[in-house]
Amino acid sequence: MGKKEKSLLCLLTAIIVMSLASCGHATTEPSSLPQTALTTEAVTSSVPETDEVKEEESVESDTLVTEGTESYQGFLLDNVLHSPDDGEIHYNIYLPDSYDGSTPYALFVTLPGYEGLYFQGVGANLVEAFGFEAQKYNENMIVVAPQLSDWGETSANQTIALTEYILSHYNIDPDKVYLHGMSGGGETGSLVMGKRPELYTAYLATSTRWDGDLEVLAQAQTPVYMAVGQEDSYYGSQPLQEAYAQLHDLYEEKGLTDSEIDEILVLDIRDQDYFTQHGFTDQHAGGQAFAYDEEIMGWLFSK
């Protein structure tokens, strides 16, 4: 083989070697792809998960309350708070036309007697005048009239849950949050006072008895006004007299003077003449008269 042929052979050999080297590099390059592919897949898969969480949060926010569709004398009827812990909580709500969320408003929660519970019919509790008369004491006040299912622990927990919802979703002055309970609603209200009295500025109990924990209430020192007929046809006046005496003793043990106790604890027992003057012969049904009493309602909203 001549010199020229040898040179050509070397050149061909070099080209083949370079080609093989180039192929070898190509086969090693994909080894980095799985890491890149996994990273891309992880990013891609995380996007739908984030979107899904946001969507679930949005749905939860949108469905937390089902608003009512009918109204009665300024109240939007049968709104439903869907509480994960306390079930469906039905309530009617009055929002003043002036409320736009820019200014803190007062809040009044009124719990009805047996005839106003939810199974009695939507809006049945609005035959009681407390939710309407309360509006005369503060034009910048939201009124919530729940229609619960009983006068026990279930309704007490629902009242607390509803109050907390209103406080967190409306611009409410925390120093002007008032609770009222009539008859069975008063029993519920007393249980609320034995659980979360610090939520409220003051509590008005009318024509009822006391079932709640007085020691818890005494720790919070939430002002309470108890109003009842001397011969209330359902409860009598004795249960509230006993509750008043026990709570008074607890305050004395805490070192409060009589005048200090009188500022936060009132027992108001009315005789038959009071109810007759308001057109009632029955003292329990006559508890409705307390709604029109400026001394009683004025005390509550002055706190």
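This short talk walks through charges, rings and backbone angles in one predicted model.

Some ground rules before the tour. The model is predicted, with local features needing pLDDT of at least 70, side-chain atom pairs counting only at pLDDT 80 or more, and totals for chains, interfaces and linings using all residues. Residues are numbered from 1 along each chain as its sequence is written, and side-chain values use heavy atoms, with hydrogens and water left out.

Let's start with charge on the surface. Look for Asp213, Glu215, Asp249, Glu252, Glu253, Asp258 and Asp262. Together they make a patch of negative charge. Two elements give two or more residues to this patch: helix 7 (238–253) and helix 8 (258–264). Helix 7 has the largest share, with three residues.

A few terms here. A patch takes residues with over 30% relative accessible area and no salt bridge; like charges are joined within 9 Å, and nonpolar side chains (Val, Leu, Ile, Met, Phe, Trp, Tyr) within 5 Å. Asp and Glu count as negative, Lys and Arg as positive, while His and the chain ends are not counted. The place of a charge is NZ of Lys, CZ of Arg, CG of Asp or CD of Glu. Accessible areas come from the Shrake-Rupley method with a 1.4 Å probe, and for residues only the protein chains shown count as cover. Helices (H or I, at least four residues) and strands (E, at least two) are DSSP runs, numbered from the N terminus.

Aspartate 262 is in helix 8. Its relative accessible area is 44%, so it is partly exposed. On this scale, buried means under 20% relative accessible area, exposed means over 50%, and partly exposed lies in between (1.4 Å probe, protein chains only).

Next, salt bridges. How many does a search of the whole structure find? Ten. The test is a side-chain nitrogen of Lys or Arg within 4 Å of a carboxyl oxygen of Asp or Glu.

Here is one of them. Glutamate 133 meets lysine 136 at 3.1 Å, N to O. Are these two residues buried or exposed? Glutamate 133 is buried, at 12% relative accessibility. Lysine 136 is exposed, at 62%.

Now move to arginine 196. This side chain meets glutamate 164 in a salt bridge of 2.7 Å, N to O. That pair links distant parts of the chain, 32 residues apart. Arginine 196 is in the loop between helix 5 (184–193) and strand 8 (202–206), and glutamate 164 is in helix 4 (residues 153–169). Arginine 196 also forms a salt bridge with glutamate 198, where the closest N and O atoms are 2.4 Å apart. What about exposure? Arginine 196 is partly exposed at 26%. Glutamate 164 is partly exposed at 32%. Glutamate 198 is partly exposed at 49%.

Salt bridges link Asp268, Arg270, Asp293 and Glu295.

On to the rings. The structure holds 16 aromatic pairs. Rings of Phe, Tyr and Trp (its six-membered ring) pair if their centres lie within 6.5 Å; planes under 30 degrees apart count as stacked, over 60 as edge-to-face, and the rest as tilted.

Tyrosine 114 is partly exposed, at 43% relative accessibility.

Which residues form the nonpolar patch with about 350 Å² of accessible area together? Tyr114, Phe119 and Trp151. Tryptophan 151 lies in the loop between strand 6 (141–147) and helix 4. At 40% relative accessible area, tryptophan 151 is partly exposed.

Last stop: backbone angles. Glutamine 73 is not a glycine, yet has a positive phi of about 45°. Its place is the loop between strand 2 (71–72) and strand 3 (75–83). Glutamine 73 is exposed, at 55%. Aspartate 78 is not a glycine either, and has a positive phi of about 50°. Aspartate 78 is in strand 3. It is partly exposed, at 21%.
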